[in-house]
Amino acid sequence: MNNRTFAPRTVLQERTDPVVDAVAPKGAGRTTVGNRVPWDYIVLVAIIVFGATLPFVATVSTMAIAMRVLVFAIMGIGWNIMSGFGGMFSFGHAAYFGIGAYSTALLLVRFEISPWIGMLAGMAIAALAGMGLSYLALRYKLQGAYYAMATFAFAEVLRLFAFGNGPLHRQTGFTIPVRVEESFWMFQFKANSPWYYWIGLIMVAAAMLVSIVFVRSKTGRYTMAVRDDDVAAAALGLNALRYRLTAVAVSAAVTAMAGTLYVQYYMFIDPSLAFGPSVSNDAIITAVVGGTGTIWGPLVGAVVMGPLSDLTTAFLRNPPQWLAPLAGHDGVDIILYAIVLIAVVILLPKGIYGTIRGKVTKR
Amino acid sequence: MTVLEIHGLSKHFHGLKALSNVDLTVEEGEIVGIIGANGAGKTTLFNCVTGAFPPDSGSVSLDGKDITGMSMHRLAGAGLARTFQLMRPFSTMTVVENAMVPAMHQHHLSAADARDRAMDAIAMVGIETWANDVSGSLPAGVLKRLELARVLALEPRVLLLDEVLAGLVPAERTPVLDLLERLRHERGVTMVFIEHIMAAVRRLSDRVVMMDQGEVIASGDVDAVLSDPHVVEIYLGKEYDRA
């Protein structure tokens with residue numbers, strides 16, 4: 001009976017039209033298998049090549065926004081791996097971002113160790129911390145909102161720890177010492193150097209690559225099976241805990257990379273900037289606005305959310321006639337930012353990319 | 001040869017005795033039907049055997065090896081699989097991707113080979129029309145058979161089926177029954193199945209076990225069990241005797 005062959009209906013073949021794939025590359029659970037065109041990789045290369053030209057055309061202030069987009073993108077991509085594909089909602093990704101930032105800064109400032117070593121150390125520590133936390137949480141059956149609260153508490157514990165820890169400079173945090181000459185090895189360039197952007201772009205590419213490879217891998221598929229129904233997955237022989245912890249480790253390591261980029265570019269980190277709740281929010285909002293559980297969602301979310309607060313601020317600095325009374329009031333730009341965010345979540349519940357993909361592929 | 005041996009299995013939930021002292025022995029290639037009213041402990045028995053939760057006392061062994069309280073995924077790996085009464089699809093995946101999961105995991109197949117095996121499995125249960133549809137949006141009759149297809153892709157030696165026919169219209173039931181008979185015949189799969197549809201119980205079972213209030217109250221040949229006065233009383237009520 002194993003030599004039965006299956007002929008797909010023509011209707012099904014139309015679903016895999018390469019034109020459709022190009023518009024909407026495969027996302028979660030819709031990964032290509034075998035010898036189809038690897039659109040994800042092609043699109044990624046195109047985005048990186050196109051994105052690399054930005055410093056030649058953009059102003060200094062635009063480049064500052066672009067740097068924020070890159071940091072958001074790495075965090076969103078990282079968050080999406082465990083929360084989107086793995087189904088474990090993290091409300092404390094600041095923990096992993098902060099571990100990356102602090103590992104880099106601590107090793108550089110106190111021991112003059114290269115930020116690249118610091119980045120690898122931070123990624124390893126973040127992965128181990130995430131697995132330790134998640135093992136305990138899942139061992140004691142914390143799921144859904146309770147798991148999210150545990151992750152939130154974990155980030156807060158780290159923030160308070162950094163706040164009160166002498167070797168971590170307490171609330172003062174770390175300032176990266178300025179060097180005389182530029183150095184790749186020490187990840188430092190003159191102010192406004194495009195190299196920060198290009199290195200950040202490579203980091204985003206690496207994060208995307210990890211995400212795509214993960215989703216296409218067997219481990220990624222098993223992780224999504226566990227997300228969809230952990231009991232059914234276990235009944236089919238899958239060790240749910242193993243795949244969940246793998247997703248957490250990958251997610252935490254990717255997010256820690258954003259911490260390194262942040263601290264080397266802004267040359268400063270303190271407990272709130274590293275472990276504060278707003279950092280966790282940035283990771284969540286980026287992925288949710290773009291589309292959780294999709295490969296490209298977090299990247300789209302970062303491109304939209306990165307400039308948004310600047311756009312709302314700029315808009316209210318010179319508002320149109322009918323909004324003139326709002327000008328010059330503190331906080332109104334943040335209210336506008338929030339309104340835009342709420343509108344996106346209500347009107348596009350699957351995120352910007354998720355909704356578009358849903359329309360194109362009819363799923 | 002005895003494949004599955006359950007001895008003195010008991011389980012209670014906060015004072016409610018769900019299982020008390022259940023014994024059941026299943027021989028290789030045998031098909032055993034479990035019948036009983038709702039709440040008789042049939043699904044609890046499956047849950048205790050397959051590691052969904054550990055029993056309070058008693059033992060379960062597979063091929064003579066003690067497997068009491070072993071986790072569900074290890075048992076599935078060892079060849080003891082189950083289906084669920086309620087459908088549990090991987091709802092973001094297509095039908096064929098659902099069946100590919102056990103094919104890849106259990107048999108270490110490449111994605112392409114796993115797809116072939118998954119296609120075989122879903123063709124066997126007759127849902128190949130929906131192969132590339134996302135499972136979350138499909139009707140119950142398809143999902144019910146997907147449960148079975150996924151287990152087929154796993155290729156277990158012992159299969160515990162929890163009401164596989166429920167939710168299927170009569171025309172869909174016969175092919176599933178044919179399939180289960182073929183599975184025993186061609187692959188030598190041992191099966192224990194919970195079922196309320198008596199025609200199916202009569203057709204498939206080598207032996208029937210009747211459960212009531214967590215206990216096995218009758219066991220043996222189909223006709224003998226169904227004509228047991230105690231069974232008649234539970235299934236049809238006392239009024240039936242007086243009538």
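Which helices of chain A and chain B each supply at least two residues of the lining of the largest pocket? They are α7 (115-139), α11 (230-235) and α12 (240-266) of chain A, together with α1 (42-49) and α2 (72-77) of chain B; helices here are DSSP runs of H or I with at least four residues, strands are runs of E with at least two, and both are numbered from the N terminus.

This is a predicted model, in which local features need pLDDT of at least 70 and side-chain atom pairs count only at pLDDT 80 or more, while totals for chains, interfaces and linings use all residues. Residues are numbered from 1 along each chain as its sequence is written, chains are lettered from A and ligands numbered from 1 in the order in which they are written, and side-chain values use heavy atoms, with hydrogens and water left out.

The largest pocket has a volume of about 880 Å³ and is lined by 30 residues, of which K141(A), D230(A), A234(A), A240(A) and A52(B) lie nearest its centre. A pocket is an open set of points on a 1 Å grid over the protein atoms alone, where a 1.4 Å probe fits, with protein on both sides within 12 Å along at least five of seven lines, and lining residues have an atom within 4 Å of a point. By class, the lining has 14 nonpolar, nine polar and seven charged residues (Ala, Val, Leu, Ile, Met, Phe, Trp, Tyr, Cys and Pro count as nonpolar, Asp, Glu, Lys and Arg as charged, and the others, Gly among them, as polar).

| Helix pair | Angle between axes | Axis distance |
|---|---|---|
| α5(A) and α9(A) | about 15 degrees | 10 Å |
| α9(A) and α10(A) | roughly 75 degrees | within 4 Å |
| α5(A) and α15(A) | roughly 140 degrees | within 8 Å |

The angle of about 15 degrees between α5(A) and α9(A) makes the two helices roughly parallel, a word kept for angles under 35 degrees, whereas 65 to 115 counts as roughly perpendicular, over 145 as roughly antiparallel and the rest as oblique. Among the residues of α5(A) that meet α9(A) are M63(A), L70(A) and F85(A), where contact means heavy atoms within 4.5 Å. The residues of this contact of α5(A) with α9(A) divide into 19 nonpolar, two polar and no charged.

At the crossing of roughly 75 degrees, α9(A) and α10(A) are therefore roughly perpendicular to each other. F214(A), V215(A) and R216(A) of α9(A) take part in that contact, whose residues divide into three nonpolar, three polar and three charged.

The axes of α5(A) and α15(A) cross at roughly 140 degrees, which makes α5(A) oblique to α15(A). The residues of their contact divide into eleven nonpolar, four polar and two charged.

In chain B, P54(B) has its place in the loop between α1 and β4 (57-62). P54(B) touches K11(B) and G69(B), not counting residues up to four places away in sequence.

Methods: Axes fitted to C-alpha atoms, helices over the stretch in contact; angles between N-to-C directions. Points joined across faces, edges and corners; volume = space filled by probe spheres on them.
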